[in-house]
Amino acid sequence: MMSGPMPDMDDAVAIADTGAATPEVKVRARNLKKTFRRSNGELVRAVDDVSVAVEAGKMLILLGPSGCGKTTLLRCIAGLERPDEGEIWANDRLMFSKSPAVNAPPESRGLAMMFQSYAVWPHMTVAENVAFPLVSRGYPKREIPAKVAAALKRVGIPSLGDQYPNRLSGGQQQRVALARSLVVDPQVVLFDEPLSNVDAKVREDLRVELVAQQREVGFAGIYVTHDQVEALQLADQVAVLREGRIEQLGTPEDVYCRPATRYVANFVGRVNEVEATITMGSGNDNLAAADTPLGRLRGYPMAPDLTPGTKVMALFRPECVEISDKGASHNALTGSLLRTQFSGAHRDHLLTTDDGHRLLVSEMGRFAGKTFSPGDRLTLVVDSKSVLFYPL
Amino acid sequence: MMSGPMPDMDDAVAIADTGAATPEVKVRARNLKKTFRRSNGELVRAVDDVSVAVEAGKMLILLGPSGCGKTTLLRCIAGLERPDEGEIWANDRLMFSKSPAVNAPPESRGLAMMFQSYAVWPHMTVAENVAFPLVSRGYPKREIPAKVAAALKRVGIPSLGDQYPNRLSGGQQQRVALARSLVVDPQVVLFDEPLSNVDAKVREDLRVELVAQQREVGFAGIYVTHDQVEALQLADQVAVLREGRIEQLGTPEDVYCRPATRYVANFVGRVNEVEATITMGSGNDNLAAADTPLGRLRGYPMAPDLTPGTKVMALFRPECVEISDKGASHNALTGSLLRTQFSGAHRDHLLTTDDGHRLLVSEMGRFAGKTFSPGDRLTLVVDSKSVLFYPL
Amino acid sequence: MAIMTQHIPAADTGTRKLSSLLFEGANGLLALLMLLLVLYPIGAMFVRELLPDGGVNIQAFRNVLSSSAFWEAAYNTAIVLAVSGSLSILIGTIFAWLNERTDAQMGFVSKFLPVLPLLVPSVAMSIGWIFLAQETSGFLNVFIRWLADFAGIEMRRGPLNISTWSGLIFVYTLHLVPFSYLIVSVAFRNLDPAYEEAARMSGAGRLRVFLKISSASVLPAIMNSALLVTIVGIAMYSVPVIIGSVARIDVLSVMTVNLVRGVYPPRIAEGVVISLILTAVVLGVWWLQRYMSGRQRHATIGGKAGGTSLVELGAWKWVARVLVLAFVAASTVLPFVALLLVALQPFWSPAIDVSMLSLQHFEELFQAGITKRALTTSLTLGVVGATIGMIVAAVLMEYARDRGGWRANTVLGIVRLPGAVINVVLGVGFLIVLGAPPFNLQGTALILLLAYIVIYMPQAATAAGSAIEQVGGELIESGRMAGAGKSRVFGRITLPLILPGLAAGWAMIFVVMVGDLTASALLAGTRNPVVGFVILDIWENGLYSALAALSALISMISTAAVMLVLYLGRGRLSQAGSFSGRITN
Amino acid sequence: QSDEPPAELVAAAEKEGRLVYYSSEVDAINEAVVKAFEAKYKIDVEWLRLASGPLASRFAEEKNSGGTPADILRTADGSVFVENPEWFLELSPDLVPMLADYPASAYLENKRSVLTQYSTYVFTYNTNLVDEAELPKKWPDILNERWKGRVVLSDPRTSISWLAWIDAMVKAHGMQFAEAVRKQDWDIVSSAAPGAQQVAAGAYDGSTPAFTGHATPVVQQGAPLKFITPTDPSILKRDHIGIVKDAKHPNAARLFLHYRLSREALELSCKLNEVGAPLADIPGCIEVPENPTTVKDVWTPEEARPLMEALGLSQG
Ligand SMILES: Nc1ncnc2c1ncn2[C@@H]1O[C@H](COP(=O)(O)OP(=O)(O)OP(=O)(O)O)[C@@H](O)[C@H]1O
Ligand SMILES: Nc1ncnc2c1ncn2[C@@H]1O[C@H](COP(=O)(O)OP(=O)(O)OP(=O)(O)O)[C@@H](O)[C@H]1O
Ligand SMILES: [Mg+2]
Ligand SMILES: [Mg+2]
């Protein structure tokens with residue numbers, strides 16, 4: 001361990017000799033824990049033994065329902081919250097650990113952050129807002145205007161420098177916040193639901209912009225959201241959190257197509273669930289088979305020991321079902337249409353099977369030609385590769 | 001017109017003899033106008049000559065970007081804002097008009113409303129919150145507990161009656177607000193972005209609940225949102241607003257598939273836009289043809305006089321494009337793949353054509369089998385029925 | 001029509017409408033009544049004194065403007081106000097930040113500490129400080145000299161001297177801090193912590209964040225507090241009369257009071273002229289405040305509030321706490337202890353002889369008929385006046401919020417106006433209007449009550465207004481949509497929600513009413529003497545020990561009453577859970 | 001001789017049953033006199049005490065706006081009787097039988113007020129801090145270096161009594177006296193009562209100008225306080241009392257004034273306060289010095305201004 005650091009010293013400690021971080025890893029948190037005490041005395045484990053790492057140019061998304069600890073984890077990394085346990089490195093320096101006692105204040109961690117409420121300071125013009133990090137970090141005075149102008153241009157609001165923020169729309173304010181966090185060319189940027197306060201339409205534009213900026217600046221990002229579409233679109237890695245713990249950490253495809261648990265499957269998208277009993281363990285093609293009240297389904301077992309007879313839950317996503325007119329020996333289900341829900345780019349059919357199961361089927365808009373009416377009996381074929389069996 | 005009403009009398013006037021409303025129409029606003037004066041003296045036409053009507057059991061969605069006047073329109077109908085011009089009927093009674101001067105106060109209009117901030121009163125228990133409308137409307141005391149219990153049960157929180165709201169999650173609070181607005185079995189319910197403060201996942205659940213409640217209670221609803229997915233899913237009718245005016249009023253399909261203007265097309269979903277010149281007016285199949293830098297496109301003209309030579313904009317949605325391996329004489333475009341974006345249920349391909357146009361193509365998840373890599377040259381075929389020509 | 005079978009029984013609509021009409025009518029009437037009550041006395045006096053017989057009383061202006069005494073007092077007032085005002089805003093802002101935004105806060109108690117001075121009538125605080133820091137005999141001086149003696153330093157007087165410029169400014173500042181604290185702390189409470197955190201993340205240290213972000217973003221509130229501090233400071237009488245006159249520092253409030261009630265024949269016209277000038281100053285500050293906050297609209301975007309995180313101060317936390325406690329000691333504890341000591345002594349003496357201490361003066365207080373009656377009258381007036389005043393203020397501010405537009409501006413203007421007029425001048429106005437036929441209220445408790453309500457309306461309105469602002473519009477509107485008329489919504493929703501704010505306002509008003517000196521001296525009758533009256537009497541002719549006993553007594557009564565009310569106001573809502581700051585959803 | 005009032009006056013007064021008494025006298029005397037009066041007659045007395053300036057100005061303000069409840073006004077500041085004689089009844093033995101015993105010199109010229117007592121101006125001192133030997137026997141002695149910064153001066157702006165004192169000094173010794181006072185660098189106190197207490201507390205060695213009554217309560221508490229009456233000049237302050245015209249209780253007012261002027265009441269007040277009486281041979285009352293100067297007790301602001309300026313005090 002380090003020899004020098006004094007207890008409680010308010011600074012970061014170089015970790016060259018700890019070997020704790022590989023060079024590309026820009027932020028790393030290890031076994032972080034943070035417990036809060038509610039006003040009624042109850043303890044909440046907001047972050048419970050979480051380890052994450054992000055490399056340069058990559059984006060890690062923290063995804064989970066409200067209250068699962070996403071914000072707390074991010075704020076611990078930022079230095080705005082003090083963890084109970086664990087270690088935090090950023091930019092190759094130890095920022096927090098219990099022993100040796102290190103706790104670098106947020107301003108010296110060299111991280112940038114974007115907030116949900118835009119947190120654009122109302123008493124400063126846009127240019128002053130963007131200049132603030134430069135001034136605080138002691139950039140030479142005469143370089144500042146040029147850097148500010150460049151940052152504003154980059155986020156597409158070059159002419160708004162003189163405005164006060166309250167004159168701007170939500171989308172524009174969030175652009176200011178983005179420019180402000182990127183103006184110092186940070187190596188790490190933290191995002192706490194930065195887009196959840198802006199219009200759905202603007203949100204899409206900003207998301208595209210964010211990806212472009214990341215590509216340009218090459219920062220490592222940690223991004224908190226509870227919107228799974230946002231998560232899947234932005235992420236290099238997604239960490240799905242549940243009650244302070246990481247339930248799954250993987251690529252968007254992993255998390256969406258091969259969710260580790262039913263919780264993850266349900267959280268990152270819509271899913272059909274049918275109870276089933278394994279009839280055949282996984283064969284050469286890795287596929288197993290199971291009997292369901294709706295017929296036999298073939299699919300991937302998601303746990304090692306799903307031997308025949310095991311009760312499982314079969315999951316498949318609504319868009320992995322095809323409405324077919326020809327029957328099939330397995331993975332074919334029939335049901336009658338309850339109603340069709342138009343949602344623009346796609347439409348959802350809600351069916352009920354003969355034994356009362358509800359099934360959701362999602363179709364892309366371009367098949368708009370074939371329409372069905374409630375009561376129609378439809379045959380569905382489920383792609384075997386997208387059926388997953390989970391132990392109960 | 002009416003004979004009796006005194007100027008400025010604060011009451012609703014029965015409109016039996018005006019014939020202004022057909023029996024099913026529960027709310028009707030006619031030629032409403034409302035202008036605000038900003039603090040800097042500038043005038044804002046928040047609502048500018050808007051007429052809408054909603055029938056029993058139907059849901060009208062007011063959709064538009066921030067600041068387009070959705071809330072103002074809703075508040076005028078609710079009686080929380082006084083229009084400058086126009087007339088409002090609700091429950092077959094005249095609630096507002098300039099002459100005869102009628103302006104019923106909100107509490108006597110018999111409308112229920114749900115707010116964006118849950119607006120659940122923190123000093124009352126959940127049960128007291130829900131009972132308040134009953135008490136205010138003078139329901140017999142002993143019927144109230146049963147009605148409150150029924151309402152709480154209906155929204156799925158039967159056991160929370162004794163709790164104070166600050167102990168509840170956002171989703172639960174919003175359920176309380178829903179129960180509170182539905183407890184009097186209102187014939188009309190107004191919603192001002194009731195779901196925009198809750199989690200994406202909870203939002204979906206609540207949306208389903210709302211539809212179920214509407215089906216059960218049969219109220220006429222007016223629902224404000226800026227989320228086009230929400231709008232398309234909930235609406236019987238969508239009114240797309242732009243700067244205080246209705247840009248298009250129609251079914252979700254109308255608005256999404258046959259948007260009246262480019263503004264609407266862009267607002268309700270994603271769209272590819274290519275400039276084009278009409279080469280052939282619409283023929284028997286109603287299709288016209290136009291030359292674009294990417295090749296010839298056939299599609300529907302969206303204005304009557306698009307004669308050959310007219311400059312137009314050709315629009316088609318990303319999900320109406322098929323990636324094909326066979327060429328085609330028209331509606332076939334080629335480009336090379338820039339990148340693919342995974343978003344769970346679907347994936348988006350961003351292509352660039354040889355002359356630098358960007359095209360977006362959206363694919364359902366089940367085609368996950370075929371994968372492309374950046375740089376691949378792809379041929380796209382656009383369904384003629386989904387290409388729309390708009391005058392510039 | 002078939003669907004007319006609405007669930008709204010027609011009769012019910014009728015009664016509801018009637019009660020709403022009554023409510024609105026009553027509100028309008030109240031606004032009108034308040035308008036009369038404020039404008040009529042002020043107006044009548046201005047007309048009588050400055051526009052006698054249709055002409056302008058130029059002589060009064062000439063007398064004032066040509067008097068070197070006026071200019072000296074104006075200069076003194078300006079200096080005292082500028083220095084103590086800035087200091088108190090600075091201290092109030094820092095304390096507000098410490099208590100709302102940093103880990104130096106010490107729970108519920110600490111939020112309460114900086115407003116403690118409001119519970120000690122300013123007369124009592126000033127006298128207490130005379131006992132503490134009079135140059136030769138102040139307890140603190142004697143104590144310090146005793147300590148110095150050990151160190152071999154011999155001093156005959158000092159080192160402190162309250163009867164100096166710095167002493168005067170010191171006591172003014174102690175008195176004004178709570179006013180700025182009250183307003184700025186609410187702003188900090190509502191300030192999105194993300195503003196500060198974003199600044200930390202931008203590389204700014206704690207100090208820079210406080211200076212450039214936290215205090216700068218609450219600038220509108222600071223300006224607002226500057227307005228209140230100006231109003232309170234200009235009208236302040238007991239501090240300058242007790243401390244300033246010994247130091248020969250005359251200020252305009254004391255000068256006005258002397259002109260109006262200290263000399264014979266009374267020179268009311270000149271008092272009115274000075275009031276007019278002060279009104280212009282207050283209006284100027286008001287305009288400045290509106291201009292500044294209009295220019296920089298404060299954008300509070302309600303994100304998810306979350307658990308507000310506090311700025312960690314490290315070791316500075318203890319320094320901060322000590323500062324807050326030192327302030328409480330200086331403003332409340334020390335003066336109170338001094339008062340108590342003197343009250344227990346037979347007469348004020350720096351040599352404390354424990355064997356001589358007794359409750360004699362307290363006993364005499366209760367024996368003296370006039371003191372007993374004065375206590376009863378004052379406490380009754382305080383309770384009734386603070387209650388009516390807060391209700392009136394709440395109804396008016398709600399009316400302003402509800403109606404908006406010119407009505408709101410009129411109401412807001414009216415409720416602030418009394419703040420700009422020196423109390424004693426207002427008192428004369430009341431005497432002129434209500435003391436004369438047909439009212440003939442001269443010497444009654446009613447005229448005092450009305451005068452108190454009007455005089456302290458600006459404070460009451462500020463408290464009620466900020467309480468009402470905290471209640472989100474949608475909470476109220478959803479009440480209307482639930483079918484409740486304005487009166488029911490006010491009674492069942494607005495009122496319970498603003499109750500803690502009203503309770504705090506009540507406490508503040510109660511204390512100033514009980515401690516009022518100037519209007520009381522003019523209006524209190526022989527049958528209903530009030531405490532302020534007795535205090536002045538004892539101050540001018542009685543024993544300091546008796547005065548100390550009375551001051552200590554009313555401080556204790558005020559504190560007890562205020563604690564009780566705050567506790568009740570809080571208790572009512574604590575069942576709804578923790579309830580800090582904004583009540584928007 | 002008998003000071004008993006005529007029975008019909010008593011009957012008429014008791015029929016009215018009430019009296020409102022405005023007085024600038026110290027509480028102890030007011031209370032004692034009122035108590036004794038109430039014990040004798042079935043009349044409730046309500047009294048209001050303020051310093052003489054505020055009392056007169058309050059009285060005037062009430063008169064100007066719809067009437068005053070006061071039936072009797074007693075103040076050290078005679079101006080109100082001179083400036084507004086129309087507010088008071090002209091006094092005579094017919095009105096108040098007790099006045100038959102009073103010399104013409106006891107009245108104000110316009111007979112709106114009569115004198116109730118003489119007060120002598122004193123120098124109050126702390127016996128722990130001041131030696132007998134140092135005491136100022138004559139007024140000019142207070143201008144010694146010994147007293148520089150050690151005396152507290154009663155503010156001439158708050159009361160005619162203090163103004164009258166400096167006026168008398170200036171009349172006797174010229175304007176230099178006021179200027180010398182200014183050079184003594186004395187702190188100001190609003191009245192001699194707090195002055196006496198500060199002296200008792202040791203804050204100052206002495207307090208002046210003062211009346212004996214101001215020190216009495218502190219002395220009674222055992223404070224190390226005494227006073228001396230300097231001469232050169234010997235000065236006296238008169239107090240005035242009058243009956244308000246259109247009073248609500250005219251007969252009660254007459255009866256009360258009769259009582260207040262009676263030997264019994266004079267004795268009572270002298271006992272509480274070392275003052276002189278307008279009637280001779282009242283036990284307990286101090287000797288009126290030989291050739292005393294009676295100070296000027298009616299003032300206009302213009303007359304006061306040069307004195308204030310000499311003292312370095314600003315006045316509105
Ligand atoms: N300062 C605090 N005091 C007490 N409890 C807290 C505090 N901050 C957070 N919590 C609790 O810790 C848990 C995690 O909170 P956190 O804000 O990290 O959740 P989140 O995942 O960001 O949720 P959201 O999506 O709602 O923002 C929650 O149960 C929350 O109530
Ligand atoms: N009280 C007001 N005073 C002045 N302008 C107002 C007021 N209320 C609304 N406006 C303005 O009227 C326009 C319409 O506002 P409105 O709130 O109806 O928009 P909205 O469509 O509901 O927007 P959002 O999606 O942001 O809620 C906006 O430009 C707004 O700034
Ligand atoms: Mg969060
Ligand atoms: Mg809105």
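1. A residue counts as near a molecule if one of its heavy atoms lies within 4 Å of it. On that basis 17 residues surround ligand 1, and Ser66(A), Gly67(A), Lys70(A), Thr71(A) and Thr72(A) are the closest. Ligand 1 lies between chains A and C.

2. Some conventions apply throughout. This is a predicted model, in which local features need pLDDT of at least 70 and side-chain atom pairs count only at pLDDT 80 or more, while totals for chains, interfaces and linings use all residues. Residues are numbered from 1 along each chain as its sequence is written, chains are lettered from A and ligands numbered from 1 in the order in which they are written, and side-chain values use heavy atoms, with hydrogens and water left out.

3. The side chain of Thr71(A) places an N or O atom 2.5 Å from an oxygen atom of the ligand. For Gly67(A) the atom is a backbone N or O, 2.7 Å from a ligand oxygen, and for Lys70(A) a side-chain N or O atom is 2.8 Å from an oxygen of ligand 1. On its own, ligand 1 has 630 Å² of accessible area (Shrake-Rupley method, 1.4 Å probe; for residues, only the protein chains shown count as cover), and the protein covers 77% of it.

4. Make-up of the shell around ligand 1. Helices (H or I, at least four residues) and strands (E, at least two) are DSSP runs, numbered from the N terminus. Strand S2 (25–37), strand S3 (43–55) and helix H1 (70–78) of chain A are the elements that give two or more residues; H1(A) gives the most, with three. The shell has five nonpolar, seven polar and five charged residues, where Ala, Val, Leu, Ile, Met, Phe, Trp, Tyr, Cys and Pro count as nonpolar, Asp, Glu, Lys and Arg as charged, and the others, Gly among them, as polar.

5. Ligand 2. There are 14 residues around ligand 2, and Ser66(B), Gly67(B), Lys70(B), Thr71(B) and Thr72(B) come nearest. A polar side-chain atom of Ser66(B) is 2.4 Å from an oxygen atom of ligand 2; the corresponding value for Lys70(B) is 2.8 Å. A polar backbone atom of Cys68(B) lies 3.2 Å from a ligand oxygen. The protein buries 67% of the 630 Å² that ligand 2 exposes when taken alone. Strand S3 (43–55) and helix H1 (70–78) of chain B are the elements that give two or more residues to this shell, and H1(B) has the largest share, three residues.

6. Nonpolar cores (sets of buried Ala, Val, Leu, Ile, Met, Phe, Trp, Tyr and Cys residues joined through side-chain atoms within 4.5 Å; buried means under 20% relative accessible area, exposed over 50%, partly exposed in between, with a 1.4 Å probe and protein chains only). The largest has 309 residues, and Leu190(A), Leu190(B), Phe131(C) and Phe430(C) have the most contacts inside it. Helix H22 (residues 486–514) of chain C gives the most to this core, with 15 residues. Another core, of 49 residues, lies apart from it and includes Ile157(B) and Phe191(B).

7. Chain C has 25 helices and zero strands. Of its 585 residues, 61% are buried. Chain C exposes about 21,300 Å², of which carbon and sulfur atoms supply 68%.

8. Chain contacts (heavy atoms within 4.5 Å). Four pairs of chains are in contact, and chains C and D share the most contacts. Chains A and D have no contact, with their closest C-alpha atoms 45 Å apart; chains B and D do not touch either, and there the nearest C-alpha atoms are 44 Å apart.

9. Backbone details to check. The peptide bond from Ser99(B) to Pro100(B) is cis, with omega near 5°, and Pro100(B) lies in the loop between strand S6 (93–97) and strand S7 (102–103) of chain B. The bond from Thr208(D) to Pro209(D) is also cis, with omega near -15°; Pro209(D) is in strand S8 (residues 206–210) of chain D. Asn31(B), not a glycine, has a positive phi of about 50°, and its place is in strand S2 (residues 25–37) of chain B.

Note on methods: A polar contact is a pair of N or O atoms within 3.5 Å; within protein, one must be able to donate a hydrogen and the other to accept it, and residues adjacent in sequence count only if both atoms are side-chain atoms.
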